[in-house]
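This briefing is meant to be read beside the sequence and the 3D view. Please keep both open while going through the points that follow.

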Amino acid sequence: MNEPALPDATDELLQRLQRFHADYFPLHQQRFQDLVAQGQHPKTLFIGCSDSRLVPYLLTGTGPGELFIVRNVGALVPPFDGSHGLHGTMAGIEFAVLQLHVQRIIVCGHSHCGAIRTAYEGAPEEAKALQSWLKLADEALLPVRPSPEALLRTEQRSVVLQLERLMDYPMVRREVEAGRLTLHGWHYVIEEGEVHVFDVQRGDFVPASLSSHSGTGPFPPYVEHDGQIISE
Ligand SMILES: [Zn+2]
């Protein structure tokens, strides 16, 4: 039998893995084993930007089993085009809605988003997939120079745009219209430590500390692309 290899003292990732197993897991073992025995039943699909500063579990005070997470560059939702291609985000949405029956979908952008900045400035020449992907934010771009204020507005506009795209997913629309699913648009301002939630009545994002809800999403009531609210 082989002796266990001596751990590489300079391998920081290995140290973190060993710490998780030795320190964290024993304290929460029952929870993990329950989640295996009973399966996962998260109520929330969290679609967030991949940015390392956005930490969904911290923002929402959640832990294992509570969030089904899809992350990508920019927290973007591809249009539902029925192409059945290799669309990871689309597959994640279908899985969450049709198999997990989530009750909420959050789209969470954030301040200082590199994806939104790159959508204005252009991706590196070699990054063909990134160039194509960021076109999903095009409709949110403003015809101005990307000042800090313009970037923040664009980040927020992009969140609303993705919520609108979600409503083009037949299974999302069906569940929302049946009252079994709600959509929430969030914009996390890193330097304030606060999520601003989209309020469809005000047509704006409201700091969570001043809000009476966690975001109303664009539907219902229904919002057309010109921002006009149409009551049911
Ligand atoms: Zn980002």
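Arg104 has Thr182, in strand 4, as its bridge partner, where strands are DSSP runs of E with at least two residues, helices are DSSP runs of H or I with at least four residues, and both are numbered from the N terminus. The model is predicted, with local features needing pLDDT of at least 70 and side-chain atom pairs counting only at pLDDT 80 or more, while totals for chains, interfaces and linings use all residues. Residues are numbered from 1 along each chain as its sequence is written, and side-chain values use heavy atoms, with hydrogens and water left out.

**Strand pairing**
- Strand 3 (residues 104–110) pairs with strand 4 in the parallel sense over 7 bridges, pairing being assigned if DSSP finds at least two bridges between two strands.
- Strand 4 also pairs with strand 5 (residues 194–199), here in the antiparallel sense and over 4 bridges, and within this arrangement His187 stands opposite His196 of strand 5.
- The hairpin of strand 4 and strand 5 has 4 residues between the strands, and Gly193 takes a positive phi near 65 degrees there.
- Of the 8 residues in strand 4 (residues 182–189), 7 are buried, with buried meaning under 20% relative accessible area, exposed over 50%, and partly exposed in between (1.4 Å probe, protein chains only).

**Salt bridges**
- The count comes to 9 salt bridges, each defined as a side-chain nitrogen of Lys or Arg within 4 Å of a carboxyl oxygen of Asp or Glu.
- Glu121 and Arg117 meet through their side chains in a salt bridge (2.9 Å, N to O); they are 4 residues apart in helix 4 (residues 114–121), so about one helical turn separates them.
- Lys128 and Glu125 form a salt bridge at 2.8 Å, N to O, in which Lys128 is partly exposed at 46% relative accessibility, whereas Glu125 is exposed at 61%.
- Glu177 and Arg173 form a salt bridge at 2.9 Å, N to O, and both lie in helix 7 (residues 170–177), 4 residues apart, or about one turn of the helix.

**Surface patch**
- Val55, Tyr57 and Leu58 form a nonpolar patch on the surface, with about 290 Å² of accessible area together.
- Leu58 belongs to helix 2 (residues 56–60) and is exposed, with a relative accessible area of 68%.
- Patches are made of residues with over 30% relative accessible area and no salt bridge, like charges being joined within 9 Å and nonpolar side chains (Val, Leu, Ile, Met, Phe, Trp, Tyr) within 5 Å; the areas come from the Shrake-Rupley method with a 1.4 Å probe, and for residues only the protein chains shown count as cover.
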